[in-house]
Amino acid sequence: MYKFFLFLCFPIFMFSQKQKIEGTVSNAQNEKLSLVSIEVYNSQNILLKTLMTNENGVFMLEGIPENSVKLVIKDLEYSKFEKDLDLEKQNQPLLIVLKKDIQDIQEVVMTKQKPLVKRKIDRLEFNVENSNISSLNAWEILKKTPGVTSSNDVLAIKGSQSILVTINDKKIMLTGDELKNLLENTQGSDMKSVEVITNPPAKYEASGSAVLNIVLKKNKIEGYRGILSSKYVQSQYAKGVAGISQYYKKDKLSVMGSYYRGTGTYYREGTDYVNYIEDQQRWVSTMNRKDQNKSQNTLNFNVEYEIDSLTNVSLNYSGSFNPKSFGTYNVPTLIYNSQDVVESNYTTINDHHSRTINNTVSFQADRKLNKKSKLTWTNYFAGNNNQKYQNVLTYLDFVNQSPKENNFVTNNKSDVQLYSTQFDYQWKNDKWELESGSKYSFVKTSSQLDFSDNENEQLQYRADKSNVFDYKEHNFALYSSLSYNPGKWNFKAGLRAEKTDLEGVVSEPYEVNKNNYWKLFPTLYAQYTTEGNHQFGLSYGKRISRPSYSWLNPAKSYYNLFSYFQGDPKLKATIIHNLNFTYTWKEWNLDFYYRKEIAPSMEISYQEPSNNNLIYHYTNIEKGQAYGLSVYKNFQIKPWWSLSVSENIEHNENYFIGIDDLLYKNKVWNFASDVSTSFTLQKSSDWKLEVGHRYNSPAIQGTFRISSSSATYLVMNKKFFNKKLEGSLMFNDIFKTSKEKVSTKYGNQDNYFLDYRDTQNFIISLKFNFGNQAVKNVKAIKKADEQDRM
């Protein structure tokens, strides 16, 4: 009887064997496409199953109770794909090639849009070129990127300000206002996407809690084309920028060059309040800072050449030149006694100017070794040169003292040079991917502060207040990572080892600080995608945050007679542990995270009652930790109307040793919200409107507690004259609600300052496209002999 049963079931067993068919989805450039949804229909056009490709574009067709099916792929970026399939006759793997849906209308390329946000196993990708904010600069775009918050002009990812910013995976060695100025002169129209990498894989430098990688567009259009652009910004004072970008591509050669020049006046309002418990005094200083910069120059040049079908080389140069930024601050300070009556005052007049020059050169060579592997060699050099001069005159009128004047002059010169070379090897097949490489980098910094003050109405050089600081750092790294993508599951693990040798030499008082250490940085990722396209991810990464070079300089940089900034040559690197659990479904992106920081370094302030000094300095606090939930969703309500929601809630704790040597705990529940809605008012002219609102609840940083702030913005874009001219209008901080209060209060410390960075403005941008703007059919370059042997 059992033989008869086997005989009846044998065809079923045979058929079920044939149901397991593997397929691969790629594009015309043979790039494997991940997270592509494949619908399987029967002959009655009833949906049987939905599949999803893995990281290598592979999917598995199995368990289908039909002989004849139809595969359908509807992807926003590509044309609709349909294929009828006879499962009984299909005995070879499926190779599906998706094609771009491109129409050449009056020499303007129209393509279907990519999703605005895409989750990958190790990052979140924000598609800038399909957003309404691509007309803004890179700084404004980063502030509006999902998962990124901005407070007091400091970027943060999930509450952490320890961020490494890269452009095309190349490190930017600037921080603070210098980084902001560079990004403000980087045009959003040149950006393809922003990658938010909360747990960077082993390939990336271990520095920073997270990485923000700006991916610039590649020139894919044959022939010559150019873009003329201009921008006018009206806030408290006017600013403007104008420039030209030019592109040329012919056969194996691609060249791009751009130059932008900006000018304007920058303004910032602030008021400092310091309460001294000991003598019951209150010091109030009002500082309205106005700086002019008549020449901000940004230059970029890139050339790529295909030596043969296996070898490609590229050379990139970028420079930023600000020959003179200048201003004069008039800062009155009122001193109130215990009866809240002004009994003393002084006025500081700070006349200053500064110069900044940044140069970056990189060279990269890519060589395909065979069909599965390639080798990349990257060389990188960056130089940053600054000079800051200030002449500070103070008029003092203290109770029970005769009025007097004080004058001091400082001249601070700094030079930073960075060189690195890196080799990367990549091997990849349908399910496995191996990345391995090494990197060496060398940093040399030199800083000199000259201080002079008046004696008998003559300026005299003060050696005890002057300083020379030299710093050298060698870093050697080895890394390797392995990915396995069997289907619904994706796995990735990596290990990076970095050896650091550093030496800092301080001239006054003379001190030498040396340190060298090996550190291991593991990364682990796992991702699972269900048949219903629910995607779950788990990742862990260990990181290190090394202090910026300027933070290590112990020289006192005086703002006035009673306030100065000072670094610390003994600053320790911060060790950071990140743990993330992610969930993605139908453009819902959820991220549960935990972050632990050991000895985080940051800027804090403290007051010295003995001499009424208010000191700002970088130091290590004991520890910090945070846990929270980040949510992002883009709702396509109508074809012409969409809504984006980005929310983050976290509990943050900082532990620090106070000036009284006691341990304090600063903690807060923080909520950050960014909601925007966009409308397509006219499709033929790409007339779009977007309105958004950002809100940050109270936050902490070391000893600081930062008040809540918010901002509402509106941006509108439209194209004219057959889309050769693009216009943009934007209103920022419409209701002027971005002011912040930053306070310190514990023990005998009681001070705060009010800060407003002139964020209320409107911006008018114009961009004119000339030359060839359409993709033309180009004859395929004949394969070289090397590729034929692959």
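Start by selecting alanine 497: at 15% relative accessibility, this residue counts as buried (buried means under 20% relative accessible area, exposed over 50%, and partly exposed in between, with a 1.4 Å probe and protein chains only). Alanine 497 is found in strand β29, residues 489–507. Strands (E, at least two residues) and helices (H or I, at least four) are DSSP runs, numbered from the N terminus.

Now show what surrounds alanine 497. Leaving out residues up to four places away in sequence, alanine 497 touches Phe476, Ala477, Leu478, Trp518, Lys519 and Leu520; a contact means heavy atoms within 4.5 Å. Draw a distance from alanine 497 to lysine 519: their C-alpha atoms are separated by 5.8 Å, and the two residues are 22 apart along the chain.

A word on what you are viewing. This is a predicted model, where local features need pLDDT of at least 70 and side-chain atom pairs count only at pLDDT 80 or more, while totals for chains, interfaces and linings use all residues. Residues are numbered from 1 along each chain as its sequence is written, and side-chain values use heavy atoms, with hydrogens and water left out.

**Colour by confidence**

Colour the chain by pLDDT, the predictor's confidence in each residue, from 0 to 100. The mean pLDDT of the protein is 86, and 92% of its residues reach 70 or more. Over residues 1–18, the pLDDT is below 50, and this stretch has 6 contacts in the model beyond near neighbours in sequence. Then select residues 776–790, where pLDDT stays under 50 and the model has 16 contacts beyond four places in sequence.

**Step back to the domains**

Give each domain its own colour: domain 1 is 20–98, domain 2 is 117–216 and domain 3 is 245–771. These bounds come from an automatic or database domain assignment. The centres of domain 1 and domain 2, taken over C-alpha atoms, are separated by 34 Å.

Next, select residues 370–767, which UniProt lists, in an unreviewed entry, as "domain: Outer membrane protein beta-barrel". UniProt positions are given in the numbering used here, feature names are shortened, and annotations may be inferred rather than shown by experiment. Over residues 370–767 the chain is 77% strand and 0% helix, with its end C-alpha atoms 43 Å apart.

**Visit the aromatic rings**

How many aromatic pairs does a search of the whole structure find? The search finds 37. Rings of Phe, Tyr and Trp (its six-membered ring) pair if their centres lie within 6.5 Å; planes under 30 degrees apart count as stacked, over 60 as edge-to-face and the rest as tilted.

Select tryptophan 283 and phenylalanine 398, an edge-to-face pair at 6.2 Å centre to centre, with 65 degrees between the planes. The pair links distant parts of the chain, 115 residues apart: tryptophan 283 is in strand β21 (281–308), and phenylalanine 398 is in the loop between β24 (373–397) and β25 (404–428). Both tryptophan 283 and phenylalanine 398 are buried.

Move on to phenylalanine 536 and tyrosine 583, a tilted pair at 5.1 Å centre to centre and 45 degrees between the planes. Phenylalanine 536 lies in strand β31 (535–545) and tyrosine 583 in strand β34 (574–585), so this pair ties together parts that are 47 residues apart in sequence. Phenylalanine 536 is partly exposed, at 32% relative accessible area, whereas tyrosine 583 is buried, at 19%.

**Find charges over rings**

Show lysine 144 with tyrosine 713: the charged end of the lysine sits over the ring, 4.8 Å from its centre. For this, NZ of Lys or CZ of Arg must be within 6 Å of the ring centre and within 35 degrees of the ring normal. Lysine 739 lies over the face of tyrosine 756, at 5.8 Å from the ring centre.

**Finish in two loops**

Most residues other than glycine have a negative phi. Lysine 723 has a positive phi of about 65 degrees; look for this residue in the loop between β44 (709–720) and β45 (725–732). Lysine 723 is buried, with a relative accessible area of 17%.

Last, select aspartate 758, in the loop between β47 (749–756) and β48 (761–771). Its phi is also positive, near 55 degrees. Is aspartate 758 buried or exposed? Aspartate 758 is buried, at 8% relative accessible area.
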